[in-house]
Amino acid sequence: MTLSFTVTPQEIDASLLNTFPGVNQADLEMEMAGIADKYLWVSKFKSLIAVLEDVTRQKAYAAQSHNLSEIETLPTPEKLVFETWNARPDSYRCLKKYAFGVLSIFGSTYLKSKYCTGLTDESLQSCVKIKGSSYMPEVEKLSSDVRKQKSH
């Protein structure tokens, strides 16, 4: 449900979502109830689904035609979803924060090393918690504590 939230928030039971720091469950549920009742927001997300399906069809057709340059000109699904959420008013603060948190989960997971063979539910939950935290490292203090190494 967490992953489908970014495309179909009006169809999800907010009480079943796993929240993360910075997102209040009660506020999230209230905001979700607010968009579920508004035809404008429901229609925006239904439109998003239609656009995503259309882009997928265009990519498939371009791939069949071996037209790679056309594929590169099509918008990415991530961009379309991000733009849809970015256009939501700031009065839906918790919804937007949750959506952007979910959208940013996979930013670093595409990189794999010989030690990382896949994602687990635990590591995805950790990514969500990190994204939602307000922690700001004191880089200057941390770097001053590091002993400088002289080159040889």
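Which residues of α2 are buried? In this predicted model, where residues are numbered from 1 along each chain as its sequence is written, local features require pLDDT of at least 70, side-chain atom pairs count only at pLDDT 80 or more, and totals for chains, interfaces and linings use all residues. Side-chain values rest on heavy atoms, with hydrogens and water left out.

The secondary structure of the protein comes to 7 helices and 0 strands, where helices (H or I, at least four residues) and strands (E, at least two) are DSSP runs numbered from the N terminus. Of the 152 residues, 27% count as buried, a term that denotes under 20% relative accessible area, with exposed set at over 50% and partly exposed in between (1.4 Å probe, protein chains only). Among contacts (heavy atoms within 4.5 Å) between residues at least 6 apart in sequence, 60% join residues at least 24 apart.

Helix α2, residues 39-64, has 26 residues and reaches 37 Å from its first C-alpha to its last, close to the 38 Å expected at 1.5 Å a residue, the expected span being 1.5 Å times one less than the number of residues. Its buried residues are Trp-41, Val-42, Phe-45, Leu-48, Leu-52, Val-55 and Ala-62, and they pack against α1, α3 (68-73) and α4 (77-86). Gln-10 is placed in the segment before α1 (25-36) and is buried, because its relative accessible area is 17%.

In the loop between α2 and α3 lies His-66, which has a positive phi of about 55° although it is not a glycine. His-66 counts as exposed because its relative accessibility is 69%.

The axes of α1 and helix α5 (residues 93-103) come within 8 Å and cross at roughly 100°, so that α1 is roughly perpendicular to α5. Axes are lines fitted to C-alpha atoms, for helices over the stretch in contact, with angles running from 0 to 180 degrees between N-to-C directions; roughly perpendicular covers 65 to 115 degrees. In this pairing, Asp-27, Leu-28, Glu-31, Met-32 and Ile-35 of α1 meet Arg-93, Cys-94, Leu-95 and Tyr-98 of α5. The residues of the contact divide into 6 nonpolar, no polar and 3 charged, where Ala, Val, Leu, Ile, Met, Phe, Trp, Tyr, Cys and Pro count as nonpolar, Asp, Glu, Lys and Arg as charged, and the others, Gly among them, as polar.

Conventions. Parallel < 35°, antiparallel > 145°, perpendicular 65-115°, else oblique.
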